[in-house]
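This briefing goes through helix packing, strand pairing and a few individual residues. Please read it alongside the sequence and the coordinates.

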Amino acid sequence: MATSFANFGNELYTGKRSYDFVDSKKIWFLIAAVLVALSILLPVAKGGFNLGIEFRGGSEFTVSNVKTTDPALGEKAVKDVVSGSVPRVANVAGTTMRIQTDKLTDDETLRIKDGLTTAYGVTDNEVTSTFVGPTWGADVTKQALLGLAIFVGLAAVLMALYFRTWKMSLSALVGMLVTMFITAGVYALSDFEVTPSAIIGFLTVLSYSLYDTVVVFDKIRENTADLQASTRRTFGEEVNLAVNQTLVRSINTMMVAILPVGAILFIGAGLLGAGTLRDLSLALFVGILIGTAATIFIAAPLYAWLRQGERELVKQAARVQQRRAQAAAKAETAEAPATA
């Protein structure tokens, strides 16, 4: 299997095997537009994201060394004190339960703590309570958005300087935005809580998406360095070749990144109950997959589309077609005596 994959990579690199990513750009753009639209509409239809207590404020109880992880016990302990409340009870790791409620008074906090102690068969010292104000979440959100704006601005300028064209910078940022919107849409669909860990995951995904795009764009720049003196391929064909040449690298990088994240998400959080890790791991898992796809199907084809109308590239494409027409004519002339 390793040999077959190596042969697959060699054929892509030499052009013997090629997948059409650039000429099929309208299909990829349409699919991306639909997914982005759904990712925007889905949270609106559901009434917003499932924000964690850090963003909406409230009280949180942590019960350690529980005898059972039945969430109904925690819900009953809260509702016995505050009727009509809708607590969020989760098993966050092994024998630890987390119960989140709206803001409570001191008396309600003490009574619920007693109820949880009895319900889960633990001692008073094994039940802790904290209160988180909504202003903390607002500060985190403000800092995250500020950090995102600075990150995007710096990345756009640096990529434009590095590649010496703003069109590569714009294409990379569009791919990154597609990754961000679709990842957020999947997050809304899953109904996972948006926590500070999830925000860290989103910011990490943006860096991964840009890194993956820069590697592919570097190959495009290498392939098109002598384009004006060459009639080998058109600009769009060189871009498509670069994407094919880096396809195996993109797949390998994605697999190396996604395997440990998948292990955390499906085994750690899903099977072993390490709930505190699932917010971060879901954002990373989806973002790495979408980020890799966005580079191949969105960023590179978009860059080719942005430049296809440039006068010099149009002239170069005409020279390529003329050379191919002459080669075809010579081939027909050479075959004519043999078939006469």
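**Briefing: helix packing, strand pairing and selected residues**

Helices α4 and α5 cross in the right-handed sense. The contact between them is made by Pro71, Leu73, Gly74, Ala77 and Val78 on the α4 side, and by Ile112, Gly115, Leu116, Ala119 and Tyr120 on the α5 side. The model is predicted, and the points below are grouped by topic.

**Packing of α4 and α5**

- Helix α4 covers residues 71-79 and helix α5 covers residues 106-120.
- The two pack at an angle of about 150°, and their axes lie 8 Å apart.
- Because angles over 145 degrees count as roughly antiparallel, α4 and α5 are roughly antiparallel to each other.
- By residue class, the contact of α4 with α5 holds 8 nonpolar residues, 2 polar ones and no charged ones.

**Packing of α7 and α11**

- Helix α7 (residues 166-190) packs against helix α11 (residues 278-307) at an angle of about 145°, with the axes 7 Å apart.
- The crossing of α7 and α11 is right-handed.
- The residues in the contact of α7 with α11 comprise 18 nonpolar, 7 polar and 3 charged.

**Strand β1 and its partners**

- Strand β1 runs over residues 58-63 and is mostly covered, with 5 of its 6 residues buried.
- Strand β4 (residues 127-132) is joined to β1 by 6 bridges, and the two run antiparallel.
- β3 is largely enclosed by the rest of the structure, because 5 of its 6 residues are buried.
- In a regular strand, side chains alternate between the two faces of the sheet.

**Gly58 in β1**

- Gly58 is part of strand β1.
- Its relative accessibility is 1%, so Gly58 counts as buried, the cut-off being under 20% relative accessible area.
- Leaving out residues up to four places away in sequence, Gly58 touches Ile53, Thr101, Asp102, Lys103, Thr130, Phe131 and Val132.
- One of these contacts, Phe131, is 73 residues from Gly58 along the chain, yet the two C-alpha atoms are separated by 5.8 Å.

**Thr101 in β3**

- Thr101 has its place in strand β3.
- With a relative accessible area of 4%, Thr101 is buried.
- With residues up to four places away in sequence again left out, Thr101 touches Ile53, Arg56, Gly58, Ser59, Val78 and Pro87.

**Ser230 in a loop**

- Ser230 is found in the loop between α8 (196-223) and α9 (235-245).
- At 8% relative accessibility, Ser230 counts as buried.
- Ser230 and Phe131 are 99 residues apart in sequence, and their C-alpha atoms are 67 Å apart in space.

Notes: Residues numbered from 1 in each chain as written. Predicted model: local features only at pLDDT ≥ 70, side-chain atom pairs only at ≥ 80, totals over all residues. Heavy atoms only, no water. Axes fitted to C-alpha atoms, helices over the stretch in contact; angles between N-to-C directions. Helix = DSSP H or I, 4+ residues; strand = E, 2+ residues; numbered from the N terminus. Parallel < 35°, antiparallel > 145°, perpendicular 65-115°, else oblique. Left-handed = near helix turned anticlockwise from the far one by under 90°. Contact = heavy atoms within 4.5 Å. Nonpolar A, V, L, I, M, F, W, Y, C, P; charged D, E, K, R; others polar. Buried < 20%, exposed > 50% of the residue type's maximum accessible area, 1.4 Å probe, protein only. Pairing = 2+ DSSP bridges.
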